[in-house]
Structure formats: C-alpha cells, structure tokens
Amino acid sequence: MQDLLQKYRQDLHRIPELGYELYKTKEYILEQLRPLSCEVVEVCKTGVCAFFQSQGLGGMATPRTHTVAVRSDMDALPVREETGASYCSLHEGMMHACGHDGHMAMLLGLAQELDKMIHTLDHNVLLIFQPAEETVGGAKDICDSGILSRFNVSRIYGFHLWPMLEKNLVASRSNEFMARSRELDITIHGKSAHCANADQGIDALAIGCKFVNDLYEMEQTEIPSSEYRLLKFGKMNSGSVRNAISAITSLEGTIRSFHEETGNHILRRIDEIADEYEKFYQCRFSFRRSEGYPPVMNDPTLFAEAKELLTKSGFAFQEMETPFMQSEDFSFYQQKIPGLFLFLGTGTEIPLHNNQFDFEEDVLQTGVDVYLKILQSIVISE
C-alpha cells in the first residue's frame with residue numbers, strides 16, 4: 001500500500017491542473033477506479049464519484065441503504081514549482097502546492113482497500129473526488145448535483161494535509177474548525193490637488209489610513225473576545241505622484257467569522273462608518289463583496305466518536321483549542337449532512353501554497369488507516 005500511495009501521489013503531482021479544467025487528473029483517477037467493484041459516476045464536469053455497495057455480513061445479507069462519504073479535492077494552484085523533486089510538475093505555472101495530490105492518493109488507496117472489504121461494513125461508501133476547491137467552491141456544485149441524495153449519504157469525512165503539525169498527528173475540534181471567508185474591496189473616491197494646495201483636494205490616502213484604523217478599532221471593541229473572527233486589509237493602493245493629493249484609494253481585505261450575525265455586524269458597521277466619512281470628508285465610497293465559503297463546523301457527535309476511537313486505537317490525536325481562520329469548501333457538505341474535517345500533520349512546516357511545498361508520502365498511510373478505522377466503526381440502523 002505504501003508503494004502504491006507514493007506512486008499515486010507522485011503521478012498526480014506531475015500533472016497539476018486548475019479549477020474545473022482537470023482532464024488529465026480525472027482520467028488518471030478513472031483509470032485507477034475502473035478495475036474495482038464500484039459504480040463510477042462522473043459529476044460536475046471533471047468530478048468523479050466511486051460508490052461501493054455493501055451487502056453486509058460477507059455479502060450474504062440485505063444490501064445496505066445508508067452511505068458514508070469520504071471527500072478529496074483535486075485541483076492545483078497557479079504556482080511555479082521550485083522543489084526540484086524528481087516528480088516535479090510537468091505543467092508550467094501549475095503546482096500541487098496545497099496537498100490535494102496527497103488527498104487524492106489517500107482516496108485511491110482507500111478505494112483499493114474497500115474493493116477487498118466493503119462487505120465487512122454495515123454501510124455503503126461514496127468516494128468523492130471534487131474539482132475547484134481553490135477557486136469557486138466546487139463542493140457546492142457537487143452538493144447541488146444531487147449525488148448525496150442519490151446515494152443516501154448520511155455523513156461525510158475529509159482530510160487536509162497540514163504542514164505545521166507534527167508528522168502523522170491527526171487534529172480536529174468540535175464545532176468551529178475553519179472560518180467563513182468573505183473578500184472585501186473598498187474604493188474611496190476623493191479629489192486630487194497639488195500638495196501645495198491641499199485644501200482644494202479631498203485626500204483619499206489620508207482618509208483610507210484613518211478608515212482602516214477605525215475599522216480595526218471597531219472590530220476589536222464591538223465584538224466579544226470570545227467570538228472567533230477577524231477583519232484585515234492586506235493591500236492598499238493610492239495616488240499617482242508624490243506631490244499631488246490622492247484622488248482614489250483602494251483597499252483589499254478579508255472578513256473571517258463563524259457565525260452569520262458576527263460577519264453581518266462587521267459588514268453593517270463598515271457601511272455605517274463609511275457613511276459618516278462621506279458626510280464629514282465629502283468623499284465617496286464604493287464596495288465589492290464576495291460571499292465566500294461557509295464556515296467548517298464539525299459535527300460534535302462525529303468529532304466525539306472519532307476522538308475516542310482514534311485515541312483508543314493508538315493514533316496520535318490532538319483536539320485543537322482554537323479554530324483556524326483559513327477557509328475550506330468542505331463546509332458546503334456540512335450544510336447538507338453531518339461532517340467531520342480533520343488535519344493530518346506532515347511536520348515539514350513548509351506553508352501551504354508555497355512553491356517549495358512537499359511532504360513525505362508515508363503520512364498518507366496514516367490517512368488511509370484513519371479512514372478505514374472510522375468506516376469500520378460506523379454502525380447505522382437500517
């Protein structure tokens with residue numbers, strides 16, 4: 001299995017593709033699944049699902065009707081690889097810099113195991129290979145396709161490789177795990193004038209600086225510290241020359257939260273503060289907002305079951321004290337059915353989305369073992 005997982009991962013690492021344009025990746029996955037005793041369904045352009053039907057009790061009982069899903073994302077990033085690995089990307093400007101090649105390898109390895117032991121399970125299994133996690137949230141399209149109801153999926157699990165955790169450590173937490181993200185672009189329209197005649201202009205640069213500070217103060221003072229959230233701006237552009245008052249300032253930021261009312265409060269207060277600025281400074285604000293992905297909220301029951309099971313089974317398991325403020329479209333599945341998302345440590349400390357991202361494939365065996373242990377423990381009343 002370890003050799004197979006390494007082969008899967010390195011083969012997929014060589015052919016990274018973006019968004020929904022995953023034609024080589026899709027064909028590779030189909031090639032591995034075709035010999036197995038599963039129903040293969042192509043979904044959402046380049047997505048692939050593999051359904052393993054259990055008859056229960058060695059294949060002699062009534063076919064099971066309930067299904068447990070396991071999900072992997074498929075797409076890569078527009079990053080030029082600099083690892084120098086022998087299995088380096090063959091597609092210029094594209095790289096599996098977020099571990100999705102490892103996620104797919106784990107599901108392909110799991111498929112090989114299910115092919116041999118599906119009838120020992122009390123339920124069916126649906127493996128979901130999902131496109132477009134890094135772009136438009138392909139999980140939503142998978143959910144909207146009806147595939148979950150078609151196969152009567154009642155719960156779902158997923159892993160993400162996590163370089164900042166100790167190698168082979170499995171980590172998760174109940175409820176808030178990964179944040180909802182909303183992108184926020186703000187343009188402040190002022191009036192240009194020579195700096196020598198600054199009183200004749202409306203200084204969009206100065207207004208932008210003060211506005212950001214006021215928003216940061218609002219976020220810190222108006223929301224309880226116990227509420228996980230953030231408001232940050234990572235980019236600011238303003239002005240054209242050193243001796244002219246800036247007419248336009250653009251701000252690009254992000255809002256992260258777990259509860260709808262928290263994010264809505266931040267957005268409402270941004271609008272209200274902008275209104276006050278417009279009246280006081282005679283400037284004008286315009287906004288562009290994205291809805292982003294919902295928060296990853298782990299089902300408490302599934303988390304408690306997995307924590308007890310994996311700890312007793314000898315896996316290194318850590319319950320995280322605080323959630324992560326990154327986002328993940330696994331959350332769309334959790335809006336439909338109970339779900340548990342977990343991290344699997346690689347121990348490399350190479351950040352995700354980095355052109356040096358890499359890991360040792362033996363961690364993938366831990367992922368497959370965890371999936372098998374969880375699937376074997378689930379008993380669903382028919």
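Q: Where is Leu-121 found?
A: Leu-121 sits in the loop between helix 3 and strand 4. Helices here are DSSP runs of H or I with at least four residues, strands are E runs of at least two, and both are numbered from the N terminus. By the way, this is a predicted model, where local features need pLDDT of at least 70, side-chain atom pairs count only at pLDDT 80 or more, and totals for chains, interfaces and linings use all residues. Residues are numbered from 1 along each chain as its sequence is written, and side-chain values use heavy atoms, with hydrogens and water left out.

Q: Okay, is Leu-121 buried or exposed?
A: Leu-121 counts as buried because its relative accessibility is 2%. Buried means under 20% relative accessible area, exposed means over 50%, and partly exposed is in between (1.4 Å probe, protein chains only).

Q: What does Leu-121 touch, leaving out residues up to four places away in sequence?
A: Ser-54, Gly-56, Arg-64, Leu-114, Leu-375 and Gln-376. Contact means heavy atoms within 4.5 Å.

Q: Now helix 3 and helix 10. At what angle do they pack?
A: Helix 3 (residues 100-117) and helix 10 (residues 363-377) pack at about 45°, and their axes are 9 Å apart. Axes are lines fitted to C-alpha atoms, for helices over the stretch in contact, and angles run from 0 to 180 degrees between N-to-C directions.

Q: What does that make them to each other, oblique or roughly parallel?
A: Helix 3 and helix 10 are therefore oblique to each other. Under 35 degrees is roughly parallel, over 145 roughly antiparallel, 65 to 115 roughly perpendicular, and the rest oblique.

Q: Which residues of the two helices make the contact?
A: Among them are Leu-110, Leu-114 and Met-117 of helix 3, with Leu-364, Tyr-371 and Leu-375 of helix 10.

Q: Switching topic: what's the strand order in the open sheet?
A: The eight strands run 1-2-4-3-5-14-6-13, with mixed pairing. Two strands pair if DSSP finds at least two bridges between them. Strand 1 (39-43) and strand 13 (317-319) are at the edges with a single partner strand each, so one side of each has no neighbour in the sheet.

Q: And the twist, what does it average from one strand to the next?
A: It averages 25°.

Q: In what sense do strand 2 and strand 4 pair?
A: Antiparallel, over five bridges, between residues 47-52 and residues 124-130. Phe-51 stands opposite Leu-126 in strand 4.

Q: Which strands does helix 3 touch?
A: Helix 3 packs on the sheet against strands 2, 3, 4, 5 and 14.
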